[in-house]
Amino acid sequence: MAVQLSQIKASTLELPMVLVDTRALRKTVEALEEGRFEPLTWWQQHLTARTIRNNSRAQGLISLKSLPRDFIPYPHQLETVHRVVEEMHGSALLADEVGLGKTIEAGLVLKEYLLRGLVRRALILVPASLRIQWARELREKCGIQATVQRSEWEWSRADLVIASLETAKREPHRSIVLEQPWDMVIVDEAHKLKNRKTQNWQFVNILPKKYMLLLTATPIQNDLNELYYLVSLLRPGYLGTKRHFTSRFMAGKHEVKDAEGLRQLLDGVLIRNRRGQADLLFPKRVVHAEWVTLSPQERELYQTVTDFVRRRYRSLRSARQNALPLIILQREVCSSVQATAVTLLNMADRTEDKQIERELRSMAAIAARVQQNSKIERLIPMLQKSEQQWVVFTEFRTTQELLLRRLLDAGIPAIGFHGELGRGSREWVQSLFHRRAKVLVSTQAGGEGINLQFCSHAVNFDLPWNPMRIEQRIGRLHRIGQQHDVHIINLSSVGTVEEKILYLLQEKIHLFERVIGELDAIVRQSLSESSFEGRIMELLAESEDDSEFEAKLQEIADQVENAKQQLWRSNPLDRLYSQEEHAT
Amino acid sequence: MNLTDSHDPHDPNDIEAIRRFALTFFRSRNCEVQEQGDHLLVHASSEVVRLLEEPWSYLWQALSHGEAPPRTHRFRTRRDTQETDEESELLAPGGRAFERLLDAALGQGKVTRGYALVSSQQVNEQIMALRRRATRRQPKRYLVDWKVVQKPFLIVTWLVTFICGSSKAQDRRNAIDLENGEILEDATALLQLPVVETSLESSTIPAALPLQEAVERLMGEVRQDSQPDPQWLAAGKARYEAALQRMERYFLELGVTADDPEYVRRCEELRWREAPRVEIAPDTAALLYVPYLQVRFLQTSMCEEIIEDRYPLF
């Protein structure tokens with residue numbers, strides 16, 4: 001019969017208070033007896049080294065004494081590291097809001113434990129797409145050389161491994177990972193561990209470890225139970241039993257009872273730095289719209305394509321057919337004639353409807369007659385006049401290639417960055433831009449997984465209709481480490497759908513003024529991210545004219561505003577950590 | 001330089017200590033070092049190359065089946081030193097290179113043997129003093145002859161770590177006279193003696209105490225001296241017990257038993273992290289021969305008598 005927990009309690013508490021390392025003692029005696037003496041100078045250096053190390057370990061955070069010259073952590077990051085090490089003893093939920101540098105905080109905690117000799121082996125579980133970025137941040141900011149896991153043997157051979165949770169939990173890796181004695185486990189995007197019934201939670205729970213850091217900006221996405229299960233991973237029972245937690249702290253899924261009590265308890269395991277406290281860290285966003293007037297030929301093309309898209313979209317939707325190519329076409333016609341032409345011809349080649357094909361080819365013929373690209377004509381002198389480095393964002397590869405060609409023709413050193421580049425090439429292009437080029441022309445895919453905080457000027461050559469994508473673009477520049485105000489120029493053609501959307505995003509949703517990450521939750525709450533573009537397209541198709549379209553866009557603006565209010569009401573953690581803020 | 005004082009990376013004394021440590025370290029490992037203002041230019045020997053650039057060095061070895069060639073490293077000891085055209089690596093606690101130097105130094109020099117030096121002036125002064133005292137006492141004594149002998153001491157340095165959530169390490173250094181078993185709780189006086197590796201004196205006093213027993217007695221003394229502060233211990237125990245109880249209730253609700261692997265593992269993790277304890281490990285040991293003046297006196301009273309005695313020369 002199994003032993004009951006209460007039966008072993010007493011024995012567990014009987015601690016030997018003074019422990020002697022008998023193995024080391026035996027080795028010392030053996031070396032003395034066998035006369036295995038080392039040079040005296042080595043022994044003297046050993047004593048000096050021991051004194052230096054003990055002294056440095058005894059005084060505050062050691063990790064700060066050797067940071068790179070150009071890296072100075074922010075006060076909230078230092079405070080976090082101090083609390084994790086001194087008060088939370090290496091197990092904590094780092095729940096800073098997005099963009100406040102959780103990676104840096106985790107890196108410094110890891111470094112501190114490495115230097116104190118308490119951690120030798122660490123496993124860092126991050127989304128696959130962020131592995132390289134993590135390795136780079138750890139290396140450049142914290143001086144930690146971690147290995148990005150690519151093969152099975154690295155689990156046991158490397159001391160500091162960065163891997164994706166998806167890989168680690170899957171055989172054959174899983175068994176090897178679980179056999180390793182990890183001293184510290186760090187999990188980024190830890191909201192994926194909010195449910196104890198999931199494979200993710202169970203896998204992380206059984207990982208052998210002494211210390212653990214969980215990183216997430218959203219420890220509660222749906223209800224308070226998620227927070228309970230995250231904390232249980234770190235310290236089982238810290239928030240009491242599930243029954244106790246529910247009865248003491250939960251008044252429904254989203255409502256907190258005894259907020260003060262919960263806050264006090266969480267202070268021992270959770271750190272949440274809020275943007276409100278850290279806003280001063282960020283430079284301003286200076287947004288400016290450049291209105292471009294289309295040439296008569298461009299206007300003709302725009303109008304013909306838009307009319308076609310409206311008509312075609314209605315019929316496809318009523319037949320429940322895929323209308324995505326039409327959305328792309330409508331966005332392309334706001335970007336460049338070349339991108340539009342390529343899509344028109346591709347669509348014409350694919351369609352089986354002769355009438356539609358004729359229409360598409362006729363529009364392609366109009367595109368072929370367009371002589372100029374008004375946006376590019378506006379952009380080039382602007383870049384030529386400036387002494388700054390610029391990132392020019394476009395959604396489309398065809399537009400990107402056109403831009404690169406025209407910029408180079410105009411004598412502006414420019415390089416391209418897109419999602420098809422491999423990881424190594426991405427780093428190389430980033431470095432090349434940093435050192436040599438004046439302009440980086442980046443597609444949307446290139447907007448992710450690259451940090452450009454050394455550059456403070458960006459142009460949205462065309463606008464994605466999804467606010468999250470714009471946020472990702474700006475987030476490449478406007479992040480911790482940015483030393484200057486970030487200037488964003490939105491190029492928009494007058495009298496187009498792009499003009500209306502820019503009005504919605506800039507004037508109604510205040511997209512460009514929000515701080516990183518805030519929008520994510522709001523958009524998720526108001527309209528699902530994937531349907532944002534679809535919703536705009538529906539409104540465009542449903543509207544008979546521009547004024548009707550504008551009125552319908554106002555509905556979206558209202559929805560976003562409501563979502564913002566609702567989100568604040570329904571997020572117990574934010575309420576818990578921002579009562580003072582809102583009271584003022 | 002007293003390194004046991006506070007350590008501040010911007011304190012010039014600490015910076016100087018680090019610089020001196022680095023210089024000795026490199027020079028004792030066959031590196032040529034040039035001091036250039038705040039910078040050290042180190043033409044590293046193969047051994048140091050291996051030490052500082054482990055992956056590169058091993059890769060070289062794997063590809064060429066030979067030792068990695070010597071390389072030149074440029075270090076600085078001040079964080080704010082202005083760089084010229086060439087980047088240098090900062091030597092400071094926590095920095096990659098400096099931590100490697102410390103690791104290397106701590107991985108070596110664990111057991112050694114040395115002979116304390118004595119100058120002829122020290123010997124002569126001691127003899128003069130003994131002569132004066134001998135003639136003043138009743139019954140009178142006359143110094144007949146003398147010689148310098150080496151008396152064996154065992155010095156052990158210990159690493160004492162107090163663990164309770166966080167950990168704090170201290171080092172203790174004690175010594176034992178291997179002739180008579182007398183313990184010196186503080187070995188500082190012995191550690192300050194100038195020492196060499198080869199004995200200059202011919203006469204050595206044999207150790208009466210077996211080395212194992214000597215080490216154990218020193219360990220017993222450190223153990224006695226490292227009893228944790230009762231308040232620290234009580235607070236740590238209370239915290240640990242509370243955490244253990246909370247965890248126990250959590251697992252009870254899940255219906256697990258005490259032999260459940262997850263429960264057992266979690267208990268071990270908690271114990272490792274939070275249980276208050278003191279860990280003692282020997283760090284280094286040195287067999288040190290200390291010069292003593294061995295003298296013979298002729299004592300004249302009712303009858304003549306030869307008296308032998310020994311006096312420390314430090």
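Leaving aside its neighbours within four places in sequence, which residues is A:T103 in contact with? I find A:W134, A:E137 and A:L215, taking contact to mean heavy atoms within 4.5 Å.

**Ground rules**

I am working from a predicted model, where local features need pLDDT of at least 70 and side-chain atom pairs count only at pLDDT 80 or more, while totals for chains, interfaces and linings use all residues. Residues are numbered from 1 along each chain as its sequence is written, chains are lettered from A and ligands numbered from 1 in the order in which they are written, and side-chain values use heavy atoms, with hydrogens and water left out.

**A:T103 and its helix**

I placed A:T103 in helix α5 of chain A, residues 102–115. My helices (H or I, at least four residues) and strands (E, at least two) are DSSP runs, numbered from the N terminus. A:T103 has a relative accessible area of 18%, so I put it down as buried. For the cut-offs, buried means under 20% relative accessible area, exposed means over 50%, and partly exposed is in between, with a 1.4 Å probe and protein chains only.

Then I checked the length of α5(A). At 1.5 Å a residue, its 14 residues should span 20 Å, and the end C-alpha atoms are 20 Å apart, which agrees. The expected span here is 1.5 Å times one less than the number of residues. I also see that 13 of the 14 residues of α5(A) are buried, so the helix is largely enclosed by the rest of the structure. Just after α5(A), I noted A:G117 with a positive phi of about 75°.

**Helix pairs around α11(A)**

How do α10(A) and α11(A) sit against each other, parallel or perpendicular? Helix α10 of chain A covers residues 199–206, and its axis comes within 9 Å of the α11(A) axis, crossing at roughly 25°. Axes are lines fitted to C-alpha atoms, for helices over the stretch in contact, and angles run from 0 to 180 degrees between N-to-C directions. That angle makes α10(A) roughly parallel to α11(A). My classes are roughly parallel under 35 degrees, roughly antiparallel over 145, roughly perpendicular from 65 to 115, and oblique for the rest. From α10(A) the contact uses A:W201, A:V204 and A:N205, and from α11(A) it uses A:Y229, A:S232 and A:L233. By class I get 4 nonpolar, 2 polar and no charged residues. Ala, Val, Leu, Ile, Met, Phe, Trp, Tyr, Cys and Pro count as nonpolar, Asp, Glu, Lys and Arg as charged, and the others, Gly among them, as polar.

Next I looked at helix α11 (residues 224–234) with helix α12 (residues 242–249), both of chain A. They pack at an angle of about 140°, with axes 11 Å apart. That makes α11(A) oblique to α12(A). The residues that meet are A:L224, A:N225, A:Y228 and A:Y229 from α11(A), and A:K242, A:F245 and A:F249 from α12(A). This contact has 5 nonpolar, 1 polar and 1 charged residues.

Which peptide bond is cis, with omega near 5°? I found that it runs from A:E171 to A:P172. A:P172 lies in the loop between α8 (165–168) and α9 (173–179) of chain A.

A:D258 is another non-glycine with a positive phi, about 50°. Its loop runs between α12 and α13 (259–266) of chain A, and at 35% relative accessibility I count A:D258 as partly exposed.

**Over to chain B**

I placed B:A243 in helix α8 of chain B, residues 230–253. At 15% relative accessibility it counts as buried. B:A243 and B:L270 are 27 residues apart in sequence and 8.1 Å apart in space, C-alpha to C-alpha.

**Chain tallies**

For chain A I have 28 helices and 14 strands, with 58% of its 584 residues buried. For chain B I have 9 helices and 12 strands, with buried residues making up 47% of its 314.
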